[in-house]
Amino acid sequence: MIEIQDISKSYGQIQAVKNLSLNIRKGEFYSLLGPNGAGKTTTINLLGGLFYPDRGSIRVNGISIQENPNAIKNWIGIVPQEIALYNELTALENLRFWARVNHVSKQGLDAKIHKVLEYMGLADRASQSISKYSGGMKRRINIAAALLHDPSILFFDEPTVGVDPQSRSFIYHIFKDLRAQGKTILYTSHYLEEVELLSDRIGIIDHGELVAEGTFDELRLQSGLKEQIHIQFKKISEEKLEQIAKSPLLSAKSNAHGFVNTESCNYVGSNRTEDLSRLVQFFAEHQIAIEQIEIKPVDLEQVYLHFTKVDLRD
Amino acid sequence: MLEIAKKDLLRLRKDKKALFLSFILPIILISLFAAIYGGVDGKAESKPQAILISDLDSSALSAEIISELKKEKALSIQMIDMQTGKKEVIDGNKSALLCLYSGFADSVNQGKKAPMELFYDESKSMEIGLMQKALLSTIMGFIGQKGGKAHVQNFINQKYADMPEDILEEINKDIETEFSDGGGSSSVSSELTVTPLAIKQGIRWGLIQAVAGTLVMMLLFSMAGMGNSILEEKQEGTLKRLLFSPISASDFLYGKMIAALVLAFVQISILLLFSYFVFGLDLFYHPFALFLMILTTAFACSGFGIFIASLGSSQRQVESISTIVIIIMSAIGGSMIPLFLMPAFLQKVAMSSINYWAIQGFYDAFGRDLSFSVWIIKPLVLFSFGLVSSFLASVYFKKRILKEYK
């Protein structure tokens, strides 16, 4: 469906995307993860034909975006990170406008809009101006505006930023439903729990390059991380915390994706038995009373941090 | 493209503040400027200029000249002693003080330079310029008559001193008759008859200046605001979403231009209709020229608005740039101050502004009777302004605004 072949894009001295190749299949929910400035938005902008790569090719349904951008744009719906709506206009007027610029015929348009508004749970607010909507409602209309022309490909660029848990849960079910409808979805988000639950495959991009790709299980295997051991212990002093945090076992290098505080410790490792015995021995040596031990499989956040490292980004 | 234009006009219709700035504020300003330029009641009468006079000569002649000045409608005379008068001018309470010094009558009667002086408040130079016109036409006419007679008599008496007395007396009598008020068939009047020259009498140029000047200035502000909506769309993310849809960057820009053009056309039409119904501005003097002027002014101003927007990288930056450029253009182009009050070089610089061509074009359409080849120049220049600025806007839009998505 979407074939990205060895694309590169530079802005002056900055190489935003470097030799990137992706292959997103029809009906697939593909999440593209990466720190800020990793090249996610540039990739989406290239896919949307906002500008062209310096090198490489992008083909959608076999058609090159460089050769026929408008044909491809007809198949695409984008939900940007911003609430890309006109605040003075009502939901109905906004949706009419976005439908018309996406070449939706005027015939039966209002019925279509009504259907989408019902789908978003906003049918009774159709005539209210967007400025009077809550953040969650705006997000839903933001998504609705991308659906009216019934695109087969959807780009969601952090669509749930700043949304309350109720709205996020609602939107999450919409994503699931769109996926069930067979839409091809390219998704970016910093809510990794959502990504883990929704994605068929995940691509991790850093410094413009694809550093890992696959299903979550495949990524976990690639990372070598297996489980996280969560140990609850009797509260310790700050001095003691400082002391144990510096130990080779719990220090940032060996436990980069875990944490330790005055009441608990999260250890991410690759060998459950060995890791567990070392931890129990460590706490006994430091006279820290363990209250509870929980072993869970590693989550996407730990896998993501493994590939992108923990250093702060811009 | 049309969807973009329709959406922008719909947004404008819902934005009460923008509507006020686009329509109500210009109406208020036109009314204000029309009142200033004397175009409201069509009589263009102004308040008489107040002037203080100190008569240090206290002669019959000085009393006579003061009495003549009091008859002048454009002047309001107040007698005062010199010191108090000077203080009044220095304090800014009065604009000018005319002093007729001792020996005034003798000098006039002897045909010599009359000792008098006009003191004025330097901060009111413009007002003094207007006052001088009324003062000079009365004083110089009076002195010319009296002084001329004395000068001729002196000349005859000195040159022909040897002439018998009875002949000299006869000549002096003839001179007296010739220079007496209204006497003599060949008496020369010092008054200059001033007649406005226009094909149609009673054209209210003050009103035209107020309407055209304000209209163009406010239109430029509205169009700059419209242009600014490009950056607003960029900032809000709607531009990016639009560029993902199957419309091109050019479609987006042309859509904006169409919306701006429609708004400009409606704005000019409403302001002119207001001037027609409220002030009686004659819109049907040269309807075709007026229609062409509305169209080309709207095109030039909308092109300007979009061009200015394409230069900036943020809304605030564009607001600042456009405000400065519009104020400068309006100041030199004749929207704020009539061109004739400006120095010659500024009158030439004015030709680089949209305001100049639009105001001159509206002058043609409302009151001048020029041949087609002459009046068409103004709409053509405005059309060229619109064409060039639209082209530059499209180049800069792609170069600057789209580049920022990279």
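**Entry 1: charges and overall build**

I began with the charges of chain A: the mean positions of its 35 positive and 39 negative charges are 4 Å apart. I noted at once that this is a predicted model.

Next I looked up the build of chain A. I found 11 helices and 14 strands there. Its C-alpha trace spans about 75 × 45 × 35 Å along the principal axes. Of the 314 residues in chain A, 52% are buried. I then took the contacts in chain A with a separation of 6 or more, and residues 24 or more positions apart account for 69% of them. Chain A exposes about 14300 Å², and carbon and sulfur atoms supply 47% of that area.

Then I turned to chain B. I counted 16 helices and 4 strands in chain B. Buried residues come to 47% of the 406 in chain B. For contacts in chain B with a separation of 6 or more, 75% join residues 24 or more positions apart. The accessible surface of chain B is about 20500 Å², with 62% belonging to carbon and sulfur atoms.

**Entry 2: helix α3 of chain A**

How many of the 11 residues of α3(A) are buried? I got 8, so I wrote the helix down as mostly covered. The buried residues are A:A91, A:E93, A:N94, A:L95, A:F97, A:W98, A:A99 and A:V101.

What covers them? From chain A, the cover includes α4 and α5 (135-147). From chain B, it includes α1 (2-14) and α9 (238-244).

I followed the chain past the helix. After α3(A) comes A:H103, with a positive phi near 65°. I placed A:H103 in the loop between α3 (91-101) and α4 (109-119) of chain A. A:H103 is a residue other than glycine.

**Entry 3: salt bridges**

I began with a general point: side chains of opposite charge can pair when their charged atoms come close. The structure holds 23 salt bridges over all chains. I looked at some of them.

The side chains of A:D6 and A:R55 form a salt bridge, at 3.5 Å from N to O. A:D6 lies in strand β1 (residues 2-11) of chain A and A:R55 in strand β4 of chain A, so the pair ties together parts 49 residues apart in sequence. Is A:D6 buried, exposed or partly exposed? A:D6 counts as partly exposed, because its relative accessibility is 33%. A:R55, at 41%, counts as partly exposed too.

I then checked A:R201 and A:E213. Their closest N and O atoms are 3.6 Å apart in a salt bridge. A:R201 is in strand β9 (residues 201-206) and A:E213 in strand β10 (residues 209-214) of chain A, so this pair ties together parts 12 residues apart in sequence. A:R201 has 9% relative accessibility, so I listed it as buried. A:E213 has 26%, so I listed it as partly exposed.

My last pair was A:R220 with A:D217, whose closest N and O atoms are 2.7 Å apart in a salt bridge. Why are these two about one helical turn apart? The reason is that A:R220 and A:D217 are 3 residues apart in helix α8 (residues 216-223) of chain A. An α-helix has 3.6 residues a turn, so residues three or four places apart point the same way. A:D217 is partly exposed, with a relative accessible area of 43%.

I also noted a network: salt bridges that share partners join A:R25, A:E28, A:R201 and A:E213.

I found A:N61 in the loop between β4 (55-60) and β5 (63-64) of chain A. A:N61 counts as partly exposed, because its relative accessibility is 39%. Leaving aside neighbours within four places in sequence, A:N61 is in contact with A:M1 and A:W75. I also looked up A:K40, which is 21 residues from A:N61 along the chain; their C-alpha atoms are separated by 21 Å.

B:S58 lies in the loop between β1 (49-55) and α3 (60-71) of chain B. At 59% relative accessibility, B:S58 counts as exposed.

Which residues make the nonpolar surface patch of about 530 Å²? I listed B:L273, B:Y276, B:F277, B:V278 and B:F284. B:V278 belongs to helix α10 (residues 249-279) of chain B. B:V278 is partly exposed, at 49% relative accessibility.

Conventions:
Residues numbered from 1 in each chain as written. Chains lettered and ligands numbered in written order. Predicted model: local features only at pLDDT ≥ 70, side-chain atom pairs only at ≥ 80, totals over all residues. Heavy atoms only, no water. Patch = residues over 30% accessible without salt bridge, like charges linked within 9 Å, V, L, I, M, F, W, Y side chains within 5 Å. Areas by Shrake-Rupley, 256 points an atom, 1.4 Å probe, with all protein chains shown as cover. Salt bridge = Lys/Arg side-chain N within 4 Å of Asp/Glu carboxyl O. Buried < 20%, exposed > 50% of the residue type's maximum accessible area, 1.4 Å probe, protein only. Contact = heavy atoms within 4.5 Å. Lys, Arg positive; Asp, Glu negative; His and termini not counted. Charge placed at Lys NZ, Arg CZ, Asp CG, Glu CD.
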